Amino acid sequence: MRWLSIAVIGLLCIVPIAFPTSYLTPLNYVGLNAIICVGLVLLAGVVGLASFGQAAFVGTSAYTAALLSTKLGWSAWETLPAALLVTATSALGLSWLTIRLSGHYLVLGTLAWGTALYYLFGNVAFLGGYNGISGIHPVTLFGISFGDTRAVYWLIWACVAIAMMLTANLLDSRTGRALRVVRHTIMAASFGIDVSKLKTKAFVLAAVFAGVTGWLTAHYLGVVNPGPFNANSSIDYMFMVVVGGSSHLAGALVGPAVVEFLRNWLRETLPNLIGGSSSFELSVFGLMMVLLLQGAGGGIMTYVSRYLPMRSKRKVSPEGERPPRRSRLAPGEALLKVQRASKNFGGLVAVNEVTFEVAAGEIVALIGPNGAGKSTLFNLITGVLPLTRGEVWFRGDRIDALPTHGLVERGIARTFQHVILQPDMSVLENVAVGAYHRTTAGALASMFRLDRRQEERLLREAQYQLEQVDLAAEADVAAGNLPLGKQRVLEIARALAADPLILLLDEPAAGLRFQEKQALADVLRSLRAEGISVLIVEHDMDFVMNLVDRLVVLDHGERIAAGTPLEIQNDPTVIEAYLGGVD
Ligand SMILES: Nc1ncnc2c1ncn2[C@@H]1O[C@H](COP(=O)(O)OP(=O)(O)OP(=O)(O)O)[C@@H](O)[C@H]1O
């Protein structure tokens, strides 16, 4: 990939030297749109929030720069931080309303916002109405003015390069991994990711990228008016990202380039081909785009990336430091207490007054027939579902009112009945998500690579946990390419990377072969020896009875028995309700 980036940069450097100015104008627009699309790749492609209001952010920034430049005489370098701040603040305000929305509500919400702002720009006399504001000073640096097409080319493309580099750095970091898994809301929250805060960050960041384009446009053209900031432009930006490939950063460059050049080419050649003055180019363009997306679903980069070399493997030093671990508890110390926990779904009582405890260094199983309420109980303990009645305590603190993302810090980590991982991320990166809460580097630090020491530690932790579960050989494989059994083991490694005091495992042996189950049981025994507790939901009775210290048996949401494996195996109530039917 590196040689390809160098080739693109080389080509972009040659163009202004080798070609006349008329060639640079479309390239300038490609660059301006590419910066917006970088933000959209982050927001729509990575986080999964499609925004149709980006043109409004371009406009907010452009008008702020225009006002400050013309009314107060600020230089372009002074208007830049102000324009980005106003854009970021308005995006932050708007995010309170839109982030909660999803699917078509989000699309409509952002469209409404874009339309409202467009009419605001046009109807406020102070902003020059539909004529806009003119006389904006160009950007100057060391006496060089970037007011003409040729000079501004360098400025625009320097901004594109910076935007892409910062975003690539961000995606390759703790926050980047969190952004990539944030669609899996419950899993992300279980590992300490504050989902709505992270989505807000992505929303604001995408708006700031749009703001950079707004600032550049105002100082390049010297004039702003509402025209370019309408809903059509917002739709165009989303369209470019989809054409380029919204899940690839390079798609932010490819999309605007293909759309711009195809439109220009059709505009010039079509009238000559079919004659007459009718403008069919938009219709033909639309048709060509439909055909293109049919052939390259997921965008051009998804198609192209199949033929590009794989990303180089992550090098993790085996001697590297791991993040600090929390101190372990003395065996038998009180850890988790569930008291009279109840959960109703409408008229259905899924969990009814269930009480049990897990001490430090204990392995406890929750068993019972299908629909007995085991997974629901897991979700009550991990804050995924609110209790209807009852309490959950952890190390003496009541935790049932805490948000899910606050639990992993206290030492609670879990796996899921239906495996939840990010298939296009490597096994190593997926496991590193588990250690998210163990370091603190934020988005800005990651963008400027100030997080590298923390990052090395996180990856070392992920590598260590993969070694523990015998999955280190697959560290660089895309997680989605692992067989189901190994994906389950990956989930356990991810939970271990969270440095838990208790592991909640929902059917971890499902899909594992006999030897894999034996290996898993060995890992869990060694965790117990270290003082880590395990609460396990499992239907494989051989696996459970040979592993656990105690069992709690549920049936129809109620606790019908509790005791050692021997006691439970000989309990007539349990035999009748469950074990009688289990092989
Ligand atoms: N979100 C929900 N809304 C409505 N009913 C639910 C919901 N989640 C679970 N239930 C119901 O609650 C009961 C308990 O389900 P739960 O999944 O907790 O059982 P389980 O013991 O984990 O079963 P299994 O072993 O099949 O996973 C079932 O009757 C189920 O249909």
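Reader: In this predicted model, what do S5 and S6 form, and how many residues lie between them?
Author: S5 and S6 form a hairpin, with two residues between them. In the turn, Gly-346 has a positive phi of about 60 degrees.

Reader: How many bridges join S5 to S6, and do they run parallel or antiparallel?
Author: Eight bridges join strand S5, residues 334-345, to S6, and the two run antiparallel.

Reader: Which residue in S6 stands opposite Asn-344? And which one stands opposite Ala-334?
Author: Asn-344 stands opposite Val-349 in S6, while Ala-334 has Ala-359 of S6 opposite.

Reader: What is the order of the strands in the open sheet?
Author: The order is S6-S5-S8-S9, an open sheet of four strands with antiparallel pairing. S6 and strand S9 (397-398) are the edge strands, each pairing on one side only.

Reader: Turning to the ligand, which residues surround it?
Author: The ligand is surrounded by Phe-345, Leu-348, Ala-350, Gly-368, Asn-370, Gly-371, Ala-372, Gly-373, Lys-374, Ser-375, Thr-376 and Gln-417. Two or more residues of this shell come from each of strand S6 (348-359) and helix H14 (374-381).

Reader: Which element gives the most to the shell?
Author: H14 does, with three residues.

Reader: And how many nonpolar, polar and charged residues does the shell have?
Author: Around the ligand there are four nonpolar residues, seven polar and one charged.

Reader: Back to the strands: where do side chains point in a regular strand?
Author: In a regular strand they alternate between the two faces of the sheet.

Methods: Residues numbered from 1 in each chain as written. Predicted model: local features only at pLDDT ≥ 70, side-chain atom pairs only at ≥ 80, totals over all residues. Near = placed C-beta within 6 Å. Nonpolar A, V, L, I, M, F, W, Y, C, P; charged D, E, K, R; others polar. Pairing = 2+ DSSP bridges.
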